[in-house]
Amino acid sequence: MKRKRTSKKKLFLWSFIVLLLLGAGVASGYGAYLTDKAKNATNSAQLELKRGDMSAKRDEMVDPYQDNISILLLGVDDSEKRDFDSNARSDAMVLATLNEEEKSIKLVSIPRDSYAYIPQMDQRDKITHAHAYGGVDYSVSTVENMFDVPVDYYVRLNFNAFVETVDTLGGIQYDVPFDLSEKNSEDKDGAIQLEEGTQEITGEEALALARSRQYDSDQARGKRQMEILQSIFDEASDVKSVTKYGSLIDSIGNNMKTNMSFDEMSALHNYVLDRNISFETMQLDGEGTFINDLYYFKVNDNSLTSIQNTLQTHLDLNGTNNTIDEKEDGDSTYAKKQEPTSEDKDEEL
């Protein structure tokens, strides 16, 4: 399991920028205006889970003002171009756990090709397909089963929000790790051309970097996504961006679904405003493999168990730890490890 401790300069996910903006808006002198905008955006984004308000892994409802909570962050491409509508695959998945007493946050990046058990389907598949099969409900239950922790809340955003956020900020500074030639969000070949090195990138360029699967591994892709998110936060938290907060809230609100109420989101301000907040990012170890000629990312059991234990401790959960699902296939199910072909890596949403 690879872990990376951030510095005191806070890292936070762009799907929470609306919360950061509220705290910053208060300090900037027009917090009431931003609060009203954020409240309206959150109210219009409400989409409850079919299970109801409480996870089956909880004995009682959580209160984010005083309890440790978890939030599943989903990035999906439900654009008209893709024409997937509610059956879009989740292209980015991050599970966040928040410890109220410590004011600490742990983030797990989940590779989209992870071979995982989808409870409602009673079968294993790429975890990205859970959303395609049954939307957020399937994604939530699959992640709960995988990590053996409750998922209390979710925030789902499409990539329009990502692109609009970066563009509204006027671009972000990022150290591009390699020369890149990629499609844009409209699937135009070669529309995104970037050279290696530190530079200012647009929303479309940031999205191409975050989603590209041709140049490195799934783990490196997850790390790259975290770095881009930090760059977005750094730009959004700069004092010169204060006048852009209203537009940012609009961009996020128009492209977001969540089961968090405005009051529940407001409870996270304590994390946002705490100068000593602790962040830890974690990535699952594993290897690429083929099953029936299809590429999957097989998560290492020890890595998964370690992260499960870390999250359970962070949430202060009691009880038994069913770390490995009973339906886990043995290693004999998997073919000999192979590097994915470019065709496999190019699989689109």
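**Close-up views of a predicted model**

View 1. Although H3 (residues 128-147) contains 20 residues, its end C-alpha atoms are only 16 Å apart, whereas a straight helix at 1.5 Å a residue would reach 28 Å. Most of this helix is covered, with 17 of its 20 residues buried, and just after H3 the backbone of Asp148 adopts a positive phi of about 55°.

**View 2. Gln308 beside the chain at Met146.** Gln308 is placed in helix H10 (residues 301-314), and its side chain reaches the backbone oxygen of Met146 at 2.7 Å. Because its relative accessibility is 0%, Gln308 counts as buried.

**View 3. The salt bridge between Arg51 and Glu144.** Nine salt bridges are found in a search of the whole structure, and one of them joins Arg51 to Glu144, with the closest N and O atoms 3.3 Å apart. Arg51 belongs to the loop between H2 and strand S2 (69-76) and Glu144 to helix H3, so the pair ties together parts that are 93 residues apart in sequence. Arg51 counts as partly exposed, at 30% relative accessibility, while Glu144 is buried, with a relative accessible area of 10%.

**View 4. Buried charged residues.** The side chains of Glu280 and Lys106 meet in a salt bridge at 2.5 Å, N to O; since Glu280 lies in strand S13 (residues 278-283) and Lys106 in strand S4 (residues 104-109), this pair ties together parts that are 174 residues apart in sequence. Both of these residues, Glu280 and Lys106, are buried. A further salt bridge links Asp113 with Arg112, whose closest N and O atoms are 3.7 Å apart, and here too both Asp113 and Arg112 are buried. Through shared partners, salt bridges join Arg112, Asp113 and Lys126 into one network.

**View 5. The largest nonpolar core and the surroundings of Leu209.** Among the 29 residues of the largest nonpolar core, Phe162, Ile201, Leu209 and Ile228 are those that touch the most other members. Elements that each supply at least two residues of this core include helix H4 (159-168), strand S8 (172-176), helix H5 (203-211) and helix H6 (218-237), and the largest share, five residues, comes from H5. When neighbours within four places in sequence are left aside, the contacts of Leu209 include Tyr174, Val176, Phe178, Leu194, Ile201, Arg224 and Ile228. Apart from this core lies another, of 25 residues, among them Val108, Val136, Val151 and Val299.

Key
Residues numbered from 1 in each chain as written. Predicted model: local features only at pLDDT ≥ 70, side-chain atom pairs only at ≥ 80, totals over all residues. Heavy atoms only, no water. Core = buried A, V, L, I, M, F, W, Y, C linked by side-chain atoms within 4.5 Å. Buried < 20%, exposed > 50% of the residue type's maximum accessible area, 1.4 Å probe, protein only. Helix = DSSP H or I, 4+ residues; strand = E, 2+ residues; numbered from the N terminus. Contact = heavy atoms within 4.5 Å. Expected span 1.5 Å × (residues − 1). Polar contact = N/O pair within 3.5 Å; in protein donor to acceptor, adjacent residues only side chain to side chain. Salt bridge = Lys/Arg side-chain N within 4 Å of Asp/Glu carboxyl O.
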